[in-house]
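Trainee: Could we go through this one by question and answer?

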Amino acid sequence: MRASFRFRRLTTSVWIDALGYFSVMTHRVVALVLPPQSTFELACAAEVFGMTRADVPKHYSFGVCAERPGLVATLANYGMAVEEDLTALDAADTVVIPGWQRSGEPASPAVIQALRQAHRRGARIVAICSGAFLLAEAGLLDHRRATTHWRMADELAAGYPDVNVELDTLYIDLGDVATSAGTAAGIDLCLHLVRVDQGAAYAARIARHMVMPPHREGGQLQYAVPPASHRRPDSLAPLLDWAIERLHRPLGLDDLAAQCNLSSRTLARRFSEQLGTSPGRWLLQQRVAAAQALLEETDLPIETVAARVGLSSATNLRRRFKLMLGVSPGSYRRSFREPGERDVAADGRSGLPQASVRAHTRSGDVAGRAARRQPRVPGPSQRSRSRGPAARS
């Protein structure tokens with residue numbers, strides 16, 4: 001075994017021993033609470049990043065801070081005791097803004113400065129729902145894509161014309177900054193970030209504990225208030241469960257339609273209405289996601305993985321991986337299975353191709369951003385359902 005001595009500028013989250021192997025320590029997530037705090041949006045982050053589960057390895061620590069420690073008012077009419085001040089952001093790998101209720105007022109200069117400073121040193125800044133307004137005020141979204149609750153999208157676009165607001169999106173992850181749509185979309189974003197940091201299999205384990213799908217399809221407009229005359233079609237959930245249990249079979253549109261006694265045209269329309277995608281695209285996404293989990297957790301040959309997820313051959317699996325993730329199955333597996341063999345990039349990340357990074361739009365599709373599917377190694381230069389207006393989240 002050859003020794004490899006490399007000296008990199010690293011945060012306290014990472015150490016490298018004399019043999020060149022690295023170990024990812026706990027990723028620190030800090031939520032900045034702002035009165036009156038939405039308790040649900042805060043709970044989204046706490047449930048995903050802060051819970052200790054007996055059969056799930058602990059990769060995150062979670063804390064909260066406020067501009068002024070003490071009792072912080074909440075929208076639920078109780079006070080929340082917060083002990084840490086803004087200096088807690090100095091050690092955060094990820095900073096979460098779980099909503100901002102006072103977007104019509106200027107934010108505190110101290111809060112804006114703390115966010116900008118955290119971003120400059122390489123922390124990932126995450127806004128849930130109306131938290132996007134605070135990121136916009138801090139200038140972190142200028143000339144960039146962002147989303148928020150569908151009720152507030154027009155207000156965000158009007159108040160911050162330099163922000164490219166996308167209405168029909170559950171979340172957008174730009175690497176250094178991420179934003180989500182309203183309320184429950186905060187869970188979608190947090191699970192996505194876990195998937196980026198720790199892989200699809202780890203994120204799926206957390207989602208199962210939460211009795212949540214690890215990935216939701218479609219954009220947020222499927223949850224917007226429909227016209228009174230609109231009748232929502234029957235749920236596709238039973239069909240989706242049936243299909244996921246049979247990914248090893250060569251399922252197609254006709255098979256799905258026959259299972260639920262619908263015409264192919266009607267089924268395709270329901271997929272578009274409920275999931276914002278086609279049956280074929282949805283099936284491919286599930287097959288690739290299942291392949292990711294097998295590559296992360298098993299030593300099965302690529303040919304066997306392809307057969308188990310219904311992609312027929314290693315050649316087909318490689319082609320689909322390249323198209324959807326921008327990386328080969330072998331490279332993806334190595335990013336999880338052989339960390340000691342990878343170089344640590346100059347910015348503190350392991351080196352999958354940064355060119356394949358792309359923001360997550362509309363359906364939050366499983367392709368995600370292949371360049372960041374490996375465990376996150378934070379470094380100092382690291383960068384890139386509805387409620388009324390009175391109760392923003």
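Predicted model: local features only at pLDDT ≥ 70, side-chain atom pairs only at ≥ 80, totals over all residues.

Trainee: How many disulfides does the structure hold?

Mentor: A disulfide needs two cysteine sulfur atoms within 2.5 Å. The sulfur of C129 is 9.5 Å from the closest cysteine sulfur, in C44, so that pair is too far for a bond. For C190 the closest cysteine sulfur is also in C44, at 6.4 Å, again too far. The number of disulfides is zero.

Trainee: Is C190 buried or exposed?

Mentor: Buried means under 20% relative accessible area. C190 has a relative accessibility of 0%, so C190 counts as buried.

Trainee: How is α10 oriented relative to α12?

Mentor: Helix α10 (residues 279-297) packs against helix α12 (residues 314-325) with the axes 11 Å apart and at an angle of about 105 degrees. Angles from 65 to 115 degrees fall in one class, and therefore α10 is roughly perpendicular to α12.

Trainee: Which kinds of residues make up the contact of α10 with α12?

Mentor: From α10 come residues including L284, V288 and L295, and from α12 residues including L317, F321 and M324. R281 of α10 and R320 of α12 also take part. The contact divides into two charged, two polar and eight nonpolar residues.

Trainee: Where is P36, and what is the peptide bond from P35 to P36?

Mentor: P36 sits in the loop between β3 (27-32) and α1 (39-50). Omega of the bond from P35 is near -10 degrees, and the bond is cis.

Trainee: Is N261 buried or exposed?

Mentor: N261 lies in the loop between α8 (253-259) and α9 (264-275). Phi there is near 55 degrees, a positive value in a residue other than glycine. With exposed set at over 50%, the 70% relative accessibility of N261 makes it exposed.

Definitions and conventions:
Residues numbered from 1 in each chain as written. Heavy atoms only, no water. Buried < 20%, exposed > 50% of the residue type's maximum accessible area, 1.4 Å probe, protein only. Axes fitted to C-alpha atoms, helices over the stretch in contact; angles between N-to-C directions. Helix = DSSP H or I, 4+ residues; strand = E, 2+ residues; numbered from the N terminus. Parallel < 35°, antiparallel > 145°, perpendicular 65-115°, else oblique. Contact = heavy atoms within 4.5 Å. Nonpolar A, V, L, I, M, F, W, Y, C, P; charged D, E, K, R; others polar.
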